[in-house]
Amino acid sequence: MENILNHIGIENYLFLSVILFCIGVFGVLYRRNAIIVFMSIEIMLNAVNLLFVAFSTYHQDAEGQVFVFFSMAVAAAEVAVGLAILVAIFRNIGSIDIANLKNLKG
Amino acid sequence: MEKNLVLIVLLAPFIGFLGNVFFGKKAGKGFAGALGTVAVAISFALSVYFFLQVNQTGKPIAVTLFDWITVSNFKLDFGIVLDQLSLLWLLFVTGIGSLIHLYSISYMHEDENMHKFFSYLNLFVFFMITLVVGSNILIMFIGWEGVGLCSYLLIGFWYKNQDYNDAAKKAFIMNRIGDLGFLIGIFILGSMFSTLDYAQLKAAITAGNVDTTKLTVAALCLFIGAMGKSAQLPLYTWLPDAMAGPTPVSALIHAATMVTAGIFMITRLNFIFDLTPLVQNIIAIVGAVTALVAASIGLFQNDIKKVLAYSTVSQLGLMFLALGLGAYNVAVFHVITHAFFKACLFLGSGSVIHAMYHEQDMRRMGGLRKIMPITFATMMIATLAISGIPPFSGFFSKDEILLTAFHANIPLWIIASLASIMTAFYMFRLMYLTFYRDFRGTEEQKHHLHESPSLMTLPLIVLAILSLVGGVISLPFGGSWLNHYLAPLFNGSHAEHHLGTTEYILMAVAVAGGLIGIGMAYAKFLKGGAVPKEDHEMTGLAKTIYHKYYVDEGYMALIVKPINGLARFFRDTLEPALSQLVFSLGSLANGLGNLGARVQNGSIGLYLFAFVIGFSVLFIYLFLA
C-alpha cells in the first residue's frame, strides 16, 4: 500500500498540528465565552489526535490509532459533561462569560 | 494459725477504716467511734499475745506472705517480721492508739464528720503497723508514706480553715524532702546488696567487704528521711504547724507514734549506722542542736499545743542524740516513756482546750486546777516525768541519754543538759499559766468550764500511771529488762553503765537542773504571777524566739521567694517570649497564605493563562534545557 505520507510529508502534518494547537491555546486565553473556550480545548485535543495518527502511520504502528479512539471517546464524554455544566451555570447566573464566574475566588 | 493472727494484727485497723468509710456516716457516731476503737484494740490484744510469746521464747515470728518483686538477681518477699523491736513499737502504737481512739469518741462527738475522723485514724494505725512489722525497707517505705498521707489528712481535718490546710500542705511537703532522701538511700542499698530484706542486709553487711563510702552516703540519705519524719533541724518546722489538727491527732501522730518512725528506722538499720561513724556523729550533733533550739523556742510560746510541739521536737532531738552515740536501746527507752507522757500531756491539753471552747492561748487560761482536778493531776504527773524528776519514767530515760552523752562527748552533754533545764522550765510555765492563779479568759468561757467526761479522763489516768511507772522497764540499777530484751537486735553488747560515783553525781546534776528549771518557772509565773506579754508588746530576744528565730521567714526568703521569683520570671518573661516565637511562625504562614490567596481571585481566564504559561515553562525546561 502506498503511504500517503510520501506525498505530503510528515513535516506538514506537524505544522498543521502545531498551528491547530496554538489556535486552541489562544482561543482559550483570549475568548471570554465559555463555549468558545470549550471549542478551543477541543481543537487542541484534536491537534494532538492528528499528531498521534500521523506518527502512527509514520512508524507503521497501529497502537497510536487505537489510542486515538480512546481519546475521542473520552473527549465525547468530557464534552457531554462540560456542556451539561455550562447549561447548569447559565441557568444559575444567566451568563456564560468566564469573567463572571468568580465563585472560585479563594 | 499464726499467720492468720499476724494478718489480723495488720488488717484489723484497715477493716475498721473500710467499715467507717462505707457505713460510718449512715450508722452514726456511736458506731463510728466504737468500730474504730475496737479495731485498734483487737490489734493491741494480739500484739500483747505475740509480745508475751516472743518475750518468752526470744525467737522472732516471721511470716512470708508472697513473692513481691523478682527482677534478675533482685528478689523481695512481702513478709512480716514480729521481732523484739517491732513488737515493742506495735505495743505502744496500738496501746496508746486504743486509748486515744477512746478519748476521741468524746472529744470529737460534736463533729459532723466523726466517721471520717475515725476512718483516717484507723488508716493511720494500719500504715503505722505496716511500717513497723514489714520484713524489708520497701514495706517500711509503704507505711512511711501512708502515715505521711494520714498525717496530712488529719492535720487538715477541719478543712474549712485555710490556715489548717496550709499547715497540712507544709507537713506533707517538708516530709517529701525527707522521703526523697529515704528513697535514694533505699536505692543505694538495693543496688549495693541486691536485696532490701533486713535479715539479708544484715548478713551481707556484717559479712564484710562493703564499700564504706557508698554505705555512708546511703546512711546519710536514710538519716535525711528520718530528719523529715521525726522533725529534726532543719526540717522540723512542719511539726509545730501540724498542731492545727484535732488534739487527739497531735497526741497520736505528732507526739507518740509517727514522729518516732525515724528513730525506729535507724534502730532497725543499726547495723548500717554502726559502720558509718561519720553519719553517727552528724546524727548526734543534729539531735543535740535540735533539742536545744526547739527547747529554747518552747520557752516563749503561748499556744499550749505549740509548747508541747516544740517540746516534742526537743525530746526527739535527745533521742537522736542517743542514736548518734550508738545507744539504740536508750533511744528506744526514751521513745516509749516519751510516748506515755507526751500523749498524756497532749490529751490533757485537749481536755483543757475542750473545756475552754477551743481557746489555746495560755494567756487566756489560769486557775483551772480546781475545776479540772483529774486533768490537772494527770498532766502534773506527765510534766514531772518530762522534766526528769525521779521516780517518774522520764527521769530514767533522759538520765540514760545524758549519761551516754557524758561518756561520749562533754559538749553534747552540756547541750543536752541545757535543753533538759529549759524543758523543765517551759513545762512548768505551761502548768502554772494554765492551772494556777486566777482565770484570765472571758466570762462566757468561765461559765462553760468543766471537767471532761470520763471517756476522756480514763485514757488520761491510764497514761499518767504509765508515765509514772514506765521507767521500770529499764532501771539503771543493773538488770535492765529492756536492754536484755533488745540485745538480740544489736551487734555487740552496749555495755550498761556501771553505776559509780560519777554516775550518781550526774544523776544528781540532772535532777538539780530539772529543779532549777522548775524553780525559775515557780518564781516567775506562780510567785511573780507574770503573764506573757501580748504579741505586739514583745521586744528583743523574746520576740525573736517567739517568732521561732524567724526560721519560717528565713525559709520563705531563701527558698520559697526565689522559687516564686523564678516562676514569675518564667511566667512573665520566658513564656511570653516562647509563645511569641511560636505565634510569629504561625502568623508568617498566615501572611504567606494571604499573599497566595490573592492569586486565587476566581478569574478563570487568569487560571488558564497561568496554566498555559506554566505548561510552556515545563515544556521548555524538559525539551530544551
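How far apart do the C-alpha centres of domain 1 of chain B and domain 3 of chain B lie?

**View 1. Domains of chain B in the predicted model.** Between domain 1 of chain B and domain 3 of chain B, the C-alpha centres are separated by 61 Å.

**View 2. The annotated segment 68–118 of chain B.** An unreviewed UniProt entry lists residues 68–118 of chain B as "domain: NADH-Ubiquinone oxidoreductase (complex I) chain 5 N-terminal".

**View 3. The contact of chain B with chain A.** Ten residues from chain B and eleven residues from chain A take part in the contact. On the side of chain B that touches chain A, helix H25 (residues 604–624) gives the most, with five residues, and the residues of that side comprise five nonpolar, five polar and no charged.

**View 4. Chain A, with four helices and zero strands.** The elements of chain A run α-α-α-α from the N terminus on, and because its radius of gyration is 18 Å, well over the 13 Å that the globule rule gives for 106 residues, chain A is more spread out than a compact globule. Along the principal axes, its C-alpha atoms fill a box of roughly 55 × 25 × 25 Å, and 10% of the 106 residues of chain A count as buried. Of the contacts in chain A with a separation of 6 or more, 45% are between residues 24 or more positions apart.

Terms used. Residues numbered from 1 in each chain as written. Chains lettered and ligands numbered in written order. Predicted model: local features only at pLDDT ≥ 70, side-chain atom pairs only at ≥ 80, totals over all residues. UniProt positions renumbered as here; feature names shortened; annotations may be inferred. Contact = placed C-beta atoms within 7 Å. Helix = DSSP H or I, 4+ residues; strand = E, 2+ residues; numbered from the N terminus. Nonpolar A, V, L, I, M, F, W, Y, C, P; charged D, E, K, R; others polar. Domains from an automatic or database assignment. Rg over C-alpha atoms; globule rule 2.2 N^0.38 Å. Buried ≥ 20, exposed ≤ 12 C-beta atoms within 10 Å, placed from the backbone.
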